[in-house]
Amino acid sequence: MGGVLTAIGLMSGTSMDGIDIAVVRTDGDSIVDRGPSAGYAYDPQFRERLKQGLEDARSILKREERPGTLADLERDLTLRHALAVRMFLQENNILPDNVDVIGFHGQTVLHRPDQALTVQLGDGELLARETGIDVVYDMRANDMAHGGQGAPLIPAYHAALARGLSKVGEIATPVVFVNIGGISNLTYIGAGEEIVAYDSGPGNTLIDQWVEAHAGIPYDQGGMIASEGGVLRELVDRYLSHPFFSAEKRRSLDRNDFAPPAAGDASPEDGARTLAHVTAAGIVRSARHLPASPATYIVCGGGRLNSVIMSDLRALAEAEGARVLAAEALDLNGDSMEAEAWAYLAVRSRYGLPLTYPGTTGVSCPVSGGRLAAKPGRIAAVS
């Protein structure tokens, strides 16, 4: 096992709203010392470019291809991440020389696990040059090369957090971490630290698309629009009858696997309310594929700030004997957890430790991953 490193994690999720940054000091195993975190929003024009990037990426057949706007978009996205890192370091009085590694997620523009194809825009070499810090990036590809779904990757970090919580007896087990980003995913921590993880359904992405199309805003802040609507049961049933929820083999999702309702299907308020319920119900329904019923759900990601999603999730989970807690109730940070995970995973990558497991992505055996881009003046060692 290696020593403790200071790592920065960078996450730009499927909601495409900005860059989350967090510092973690860790040995990539049991030591996790969480530091400062911050978020930097994308401007509306750049979000539109990212949406166009999703369209351009549809034609990709090989991971290295960058058709249409994607080459320019990748460079500009990387430079925005570099600027965010510099701002973050300055705001927190951290010198670049005191950071050992950056874990760089990039922006997912295509994810087709059935074709072993995943594309995250992000130039690790450019980021290393711009920041003067080693960068670990492209962490999903090796998992897919070994038969995995390429997602989710955060469970290794969830397991480390769960170990810390269990030591002080704060949670009933089994515990399930729920990340509600653009897509929702679950991490189950069972007896003997058994880890099972998979995507659980749409998170915020359908709600975001719906309110942007019908209210001209990027997301339903706090669930305010949804709170004025009603649940359309027929529309809920249409989503929950999707084969994804009943299939025994769990699979990871692309943000385009589920589409928002047609314009005539609902009013803006009813549509937002119904999609919030679909998010909550999808989580609980997907949890039925776990080895045992959860006792505690710990919720992170932007969706935990939607009061309607959380209210529905609590009601549905309590009906099955489980308790739902927002991450903050356990002194965790629900906004920065994914960025923290990417910092933790970068250190695991540096030490050659597994990032994914058969129970998390379906990979054939526990595998490490990631590519190392050395900062200028340093020769990259093979990890």
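## Two cis peptide bonds

Pro 174 sits in the loop between α5 and β7 (175–180). Helices (H or I, at least four residues) and strands (E, at least two) are DSSP runs, numbered from the N terminus. A cis peptide bond links Thr 173 to Pro 174, with omega about 0°. Another cis peptide bond joins Ala 151 and Pro 152, and its omega is about -5°. Pro 152 belongs to the loop between α4 (141–145) and α5.

This is a predicted model, in which local features need pLDDT of at least 70, side-chain atom pairs count only at pLDDT 80 or more, and totals for chains, interfaces and linings use all residues. Residues are numbered from 1 along each chain as its sequence is written, and side-chain values use heavy atoms, with hydrogens and water left out.

## Positive phi values

Most residues other than glycine have a negative phi, and most peptide bonds are trans. Ala 116 has a positive phi, near 50°, and is not a glycine. Ala 116 lies in the loop between β4 and β5. Its relative accessibility is 43%, so Ala 116 counts as partly exposed. Buried means under 20% relative accessible area, exposed means over 50%, and partly exposed is in between (1.4 Å probe, protein chains only).

Asp 331 is not a glycine either, yet its phi is positive, about 60°. Asp 331 lies in the loop between β11 (323–326) and α11. With 64% relative accessibility, Asp 331 counts as exposed. Gly 352 follows α11 and also has a positive phi, near 70°.

## Helix α11

Helix α11 covers residues 337–350, which makes 14 residues. From its first C-alpha to its last, α11 reaches 20 Å. That is close to the 20 Å expected at 1.5 Å a residue. The expected span is 1.5 Å times one less than the number of residues.

Is α11 largely enclosed or open? Of its 14 residues, 12 are buried, so α11 is largely enclosed by the rest of the structure. Among the buried ones are Met 337, Trp 342, Tyr 344 and Arg 348.

## Aromatic pairs

The structure holds 5 aromatic pairs. Rings of Phe, Tyr and Trp (its six-membered ring) pair if their centres lie within 6.5 Å; planes under 30 degrees apart count as stacked, over 60 as edge-to-face and the rest as tilted. Tyr 157 lies in helix α5 (residues 155–167) and Tyr 344 in helix α11, so the pair ties together parts that are 187 residues apart in sequence. Tyr 157 and Tyr 344 are both buried.

Phe 245 and Phe 258 form a tilted pair, with 5.9 Å centre to centre and 50° between the planes. Phe 245 lies in helix α8 (residues 243–246) and Phe 258 in the loop between α8 and α9 (268–287), so this pair ties together parts 13 residues apart in sequence. Phe 245 and Phe 258 are buried. Phe 244, Phe 245 and Phe 258 make up one aromatic cluster.

## Cavity and pocket

Rolling a probe the size of a water molecule over the atoms shows where empty space is left. On a 1 Å grid over the protein atoms alone, a cavity is a set of points where a 1.4 Å probe fits but cannot get out, and a pocket is an open set with protein on both sides within 12 Å along at least five of seven lines; lining residues have an atom within 4 Å of a point. Grid points are joined across faces, edges and corners, and a volume is the space filled by probe spheres set on the points.

How many cavities of 30 Å³ or more does a search of the whole structure find? It finds 1. The largest cavity has a volume of about 30 Å³. Its lining includes Gln 120, Asp 138 and Trp 342.

The second largest pocket has a volume of about 280 Å³. It is lined by 17 residues, and the closest to its centre are Arg 66, Gln 120, Gly 122, Asp 138 and Arg 371. At least two lining residues come from each of β4 (101–112), β5 (117–121) and α3 (124–131).

## Cysteines

A search of the whole structure finds 0 disulfides (pairs of cysteine sulfur atoms within 2.5 Å). Cys 300 has 1% relative accessibility and counts as buried. Cys 365 has a relative accessible area of 34% and is partly exposed.
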